[in-house]
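Here are some notes on the model, as numbered points. Please read them with the structure open.

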Amino acid sequence: MTGTSRLARLPGTGTDVLVDGDGTGAVRTPAGRFLRLRFPPPGLLDALAGTAGGEEASSAYADRLTEAMAARERDDAERRWPARRRDVVLLGGGPVLDALAEALGELGADITRHRGGTADEPAPSAVAPDSGIAPEAGPGCRRLVVAFAETPAERAGWAAFDSLPEQGTAWLGGYREGDNCFVDPIRLSADDPTADQVQKRRLAASPVARELAAWQRSASHAPPALPAAARTLLIGRMLTVALAWAQETDELARFRTSLWKYVSASATATEHTVLGYPEPFAPGCEAGA
């Protein structure tokens, strides 16, 4: 394009219309893609602006252009967050989940907020394992439950969510321990690691397992606000995993076995492999024994 160009926003869309001084034109989509306009009328920008200079032919062209670009944006929205996976439930409260809810909503998820899922406040029936959702195996889970815990005590009730994938619901947990942040592997089937198995893996890998477990049992007080960098990276990780689930990307397989950890003191983010395993049989006491 040459000469003086004029720019206008296509009403009701995120698309820009660019018309050059020689009468050629193009649109820039919200994705940054440029598309050439075929024979744009001279009064197109006036029609978009709603000024008196817009002729009937220009108005009709603007209407067709608006309809075409709006359809493209609807297609983009479906790719961004497919409609069949828009049901997302958030458990807990606080600034992390508030920011996560806002971001997920902007991406296209339908958000339901609940407090609960802790030892003191059990999971609401809407996300309980016996919620009546038709079972669907593995990555086919159509709903996602995401919980965030500010303290180790708030994770005490998370075992109740481990059977959610058997009811067609994916399960993702994030939490903090002081200024350190964690995101567990997303659970999509009975073969994926449970929250308890992740905890056991952490203790097994720690050179100070006894002290770590004791600190987790004792750290019940509400911690100060997370540093901005930790909060941003934590939310970014949870969004990345949630998007992989919604879009069913190849990365989802890795997220099913990856524990993410961010250490604020050194500003380091790491991933650790955690694999699920069949729990050993624990026979109960027989009557009269």
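1. In what sense do strand β2 and strand β3 pair, and over how many bridges? β2 (residues 16–19) and β3 (residues 25–28) pair in the antiparallel sense, over four bridges. Val-19 lies opposite Gly-25 of β3. Two strands pair if DSSP finds at least two bridges between them.

2. This is a predicted model: local features need pLDDT of at least 70, side-chain atom pairs count only at pLDDT 80 or more, and totals for chains, interfaces and linings use all residues. Residues are numbered from 1 along each chain as its sequence is written, and side-chain values use heavy atoms, with hydrogens and water left out.

3. The open sheet has four strands in the order β1-β2-β3-β4, with antiparallel pairing. β1 (6–9) and β4 (34–36) are the edge strands, each pairing on one side only. On average, neighbouring strands of the sheet are turned by 25° against each other, direction ignored. Strands (E, at least two residues) and helices (H or I, at least four) are DSSP runs, numbered from the N terminus.

4. Helix α4 (residues 195–205) and helix α5 (residues 209–218) have axes that come within 8 Å and cross at roughly 135°. Axes are lines fitted to C-alpha atoms, for helices over the stretch in contact, and angles run from 0 to 180 degrees between N-to-C directions. α4 and α5 are therefore oblique to each other; angles under 35 degrees count as roughly parallel, over 145 as roughly antiparallel, 65 to 115 as roughly perpendicular and the rest as oblique.

5. On the α4 side, Gln-199, Arg-202 and Leu-203 make the contact, and on the α5 side Ala-209, Leu-212, Ala-213 and Gln-216. Contact means heavy atoms within 4.5 Å.
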